[in-house]
Amino acid sequence: MMPPRGRLEPEVVRPIQPYQARKEYICPRCDGIIGLGVFHLVVIPEDSPDLRRHWHHGCWYKERRRRGTITPGDASEL
Ligand SMILES: [Zn+2]
């Protein structure tokens, strides 16, 4: 379940390297499959780590732009 629009929770974002991606996941933004061996991101709410979601890198970037939480320099942080 997505948090209500505009609600910003502290989240931990971790890159998942291709060799670590041993399962397929569904990206919550595009509902597309993140395939085996595909570099992507896992986003873990600090309050509720059980609600972690796997995102395409590009989808997470767009989501952050939508939320307005991208600041200069973020693009290189991953
Ligand atoms: Zn996606």
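The chain has 1 helix and 5 strands. From the N terminus on, they run β-β-β-β-β-α. The model is predicted. A zinc ion is held by Cys27, Cys30, His56 and Cys59.

**The chain as a whole**

- The chain has 78 residues, and 26% of them count as buried.
- Take the contacts between residues at least 6 apart in sequence: 48% of these join residues at least 24 apart.
- The accessible surface of the chain is about 5,500 Å². Carbon and sulfur atoms account for 52% of that surface.

**The zinc site**

- Which atoms coordinate the zinc ion? They are SG of Cys27, SG of Cys30, ND1 of His56 and SG of Cys59. Their distances run from 2.0 to 2.4 Å.
- The arrangement is tetrahedral, because the 4 donor atoms subtend angles of 102 to 119° around the zinc ion. To count as tetrahedral, four donors need all angles between 85 and 135 degrees.
- Along the chain, the donors follow the spacing C-x2-C-x25-H-x2-C.
- Cys27 sits in the loop between strand S2 (25–26) and strand S3 (33–34), while Cys59 sits in helix H1 (residues 57–67), so this pair ties together parts that are 32 residues apart in sequence.
- Cys27 counts as buried because its relative accessibility is 0%.
- Cys59 has 9% relative accessibility, so Cys59 counts as buried too.

**The nonpolar core**

- Which residues make up the largest nonpolar core? There are 7: Cys27, Ile34, Leu41, Val43, Trp55, Cys59 and Trp60.
- Strand S4 (40–45) and H1 each supply at least two residues of this core.
- In soluble globular proteins, nonpolar side chains tend to be buried together.
- Cys27 and Cys59 are on the core list, and both are also zinc donors.
- Leaving aside residues up to four places away in sequence, Cys27 touches Gly32, Ile34, His54, Trp55, His56 and Cys59.

**The aromatic pair**

- How many aromatic pairs does a search of the whole structure find? The search finds 1.
- Trp55 and Trp60 form this pair, and their arrangement is edge-to-face. The ring centres are 4.9 Å apart, with 70° between the planes.
- Trp55 and Trp60 are both buried.

**His54, in strand S5**

- His54 lies in strand S5 (residues 53–55).
- Is His54 buried or exposed? His54 counts as buried, because its relative accessibility is 11%.
- His54 and Cys27 are 27 residues apart in sequence. In space, their C-alpha atoms are 5.9 Å apart.
- Beyond four places in sequence, the residues that His54 touches include Ile16, Tyr25, Ile26 and Cys27. Leu41 and Val42 are among them as well.

**Val42, in strand S4**

- Val42 is part of strand S4.
- With 5% relative accessibility, Val42 counts as buried, because the cut-off is under 20%.
- Val42 and Ile16 are 26 residues apart in sequence, yet 6.8 Å apart in space, C-alpha to C-alpha.
- Leaving out residues up to four places away, Val42 touches Val12, Val13, Arg14, Ile16, Arg52, Arg53 and His54.

**Two loop residues**

- Where is Asp31 found? Asp31 is in the loop between S2 and S3. Cys27 lies in that loop too.
- Asp31 has a positive phi of about 60°, although Asp31 is not a glycine.
- Most residues other than glycine have a negative phi.
- Asp31 counts as exposed because its relative accessibility is 60%.
- Phe39 is placed in the loop between S3 and S4.
- Phe39 has 29% relative accessibility, so Phe39 counts as partly exposed.
- Phe39 and Trp55 are 16 residues apart in sequence and 9.6 Å apart in space, C-alpha to C-alpha.
- Setting aside residues up to four places away in sequence, Phe39 touches Pro15, Ile16, Gln17, Pro18 and His57.

Methods
Residues numbered from 1 in each chain as written. Predicted model: local features only at pLDDT ≥ 70, side-chain atom pairs only at ≥ 80, totals over all residues. Heavy atoms only, no water. Donors = N, O, S within 2.8 Å, 3.2 Å for Na, K, Ca; no water. Tetrahedral: all angles 85-135°; square planar, octahedral: opposite > 155°, others 65-115°. Helix = DSSP H or I, 4+ residues; strand = E, 2+ residues; numbered from the N terminus. Buried < 20%, exposed > 50% of the residue type's maximum accessible area, 1.4 Å probe, protein only. Core = buried A, V, L, I, M, F, W, Y, C linked by side-chain atoms within 4.5 Å. Contact = heavy atoms within 4.5 Å. Phe/Tyr/Trp six-rings, centres within 6.5 Å; stacked < 30°, edge-to-face > 60°. Areas by Shrake-Rupley, 256 points an atom, 1.4 Å probe, with all protein chains shown as cover.
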